Amino acid sequence: MDRPKKPSAISPSGTGPQPSVHSEQGRVIASLPTGDSVEVLLYGATVISWKANGRENIWVSDAAKLDGSKPVRGGVPIVFPCFGPPPKNHATSALPQHGFARNSTWVYLGKSSSESGKLASGGDDSVKLDFGLTSSELSEDAKKAWGYDFSLVYSVTLARDGLQTMLNVQNKGDKALEFQMLLHTYFRIDDISKVAINGLGSATYIDKVLNATEHQQSTPSLQITGEVDRVYAAIKQDTTSITQDGKPRLDVTRDGISDSVVWNPWIEKAKSMGDFEPKDGYKKMICVEVGAVDGWTKLEAGETFEGGMIVKSHA
Ligand SMILES: O=P(O)(O)OC[C@H]1O[C@@H](O)[C@H](O)[C@@H](O)[C@@H]1O
């Protein structure tokens, strides 16, 4: 498949004190000497915190379950191998909404100590954590519902100037497989009424709030004034930016993928979700999710795919 060109990676490491990495209670926490940090739950390999310049960038519901009993409401759940409810008559049909990656327990593969190719790691100002999921870690139900031999490696790189999260998918079996993937990021913002989303260009989107009808983004900037659930396909620009009060807040750059979902449940939908707290928390979050969800990505036996994002936070 054709892939968009790669964005420039976050700046490489230098010299000085080393980052620290430790694991406790089913999570891995990495910190840089600057104080920036990232916290990843093994359940779902869900990033549940990313602090930069003293500020939390990730929203997690006060009622989110972090004990592995259900996908985390908040953070960066990984959607794989299907996005939304799976279609009928497809290899994913028997899977739950958004697949199994967000509710499987991943294996921590360790901190990378060498250059990753895309991004330097292991120096004083960046650290890369790898998490893996294969069919052996799946529940019996998931294995039965999606009987492919696969390997996922999710790499979370914390750097002084941003966070990079990349999903690598390998078909280890002898038959082709199809998947969708999405990094369902809940960004923490101060006030939804002051937020704008830029960089969706004139992309077409499916509006799930308006009966899944197709539209074209007609304004350069999107403001959120009600429930929004849009699936943008083949976006030409690499970067979608979130501004607050007209100032840059977060830049989300797609790497190897070109689709994005913008989601905010607003008042009624937030009320209907038992694990969404506080109920007016929709004012403090916006999901800008990067992925490959327009149709299916096919991997022949032995093939590999990689896609993800680089996020930069403005102080
Ligand atoms: O409640 P879930 O399964 O975590 O999904 C949350 C939302 O995820 C978004 O990605 C979907 O576009 C929405 O339709 C969905 O409501």
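How far from an oxygen atom of the ligand does a polar side-chain atom of His98 lie?

Analyst: This is a predicted model, where local features need pLDDT of at least 70, side-chain atom pairs count only at pLDDT 80 or more, and totals for chains, interfaces and linings use all residues. Residues are numbered from 1 along each chain as its sequence is written, and side-chain values use heavy atoms, without hydrogens and water.

The distance for His98 is 3.2 Å, from a polar side-chain atom to a ligand oxygen. That is a polar contact (a pair of N or O atoms within 3.5 Å). Arg102 also places a polar side-chain atom 2.9 Å from an oxygen of the ligand. For Glu289, a side-chain N or O atom is 2.9 Å from a ligand oxygen. On its own the ligand exposes 390 Å², and the protein buries 88% of that (areas by the Shrake-Rupley method with a 1.4 Å probe).

Now the wider shell. Residues around the ligand (a heavy atom within 4 Å) include Arg73, Phe83, Gln97, His184, Lys208 and Asp229. Val261, Trp263 and Lys269 are also among them. By class, the shell has 3 nonpolar, 3 polar and 6 charged residues. Here Asp, Glu, Lys and Arg count as charged. Ala, Val, Leu, Ile, Met, Phe, Trp, Tyr, Cys and Pro count as nonpolar, and the others, Gly among them, as polar.

Notes: A polar contact is a pair of N or O atoms within 3.5 Å; within protein, one must be able to donate a hydrogen and the other to accept it, and residues adjacent in sequence count only if both atoms are side-chain atoms.
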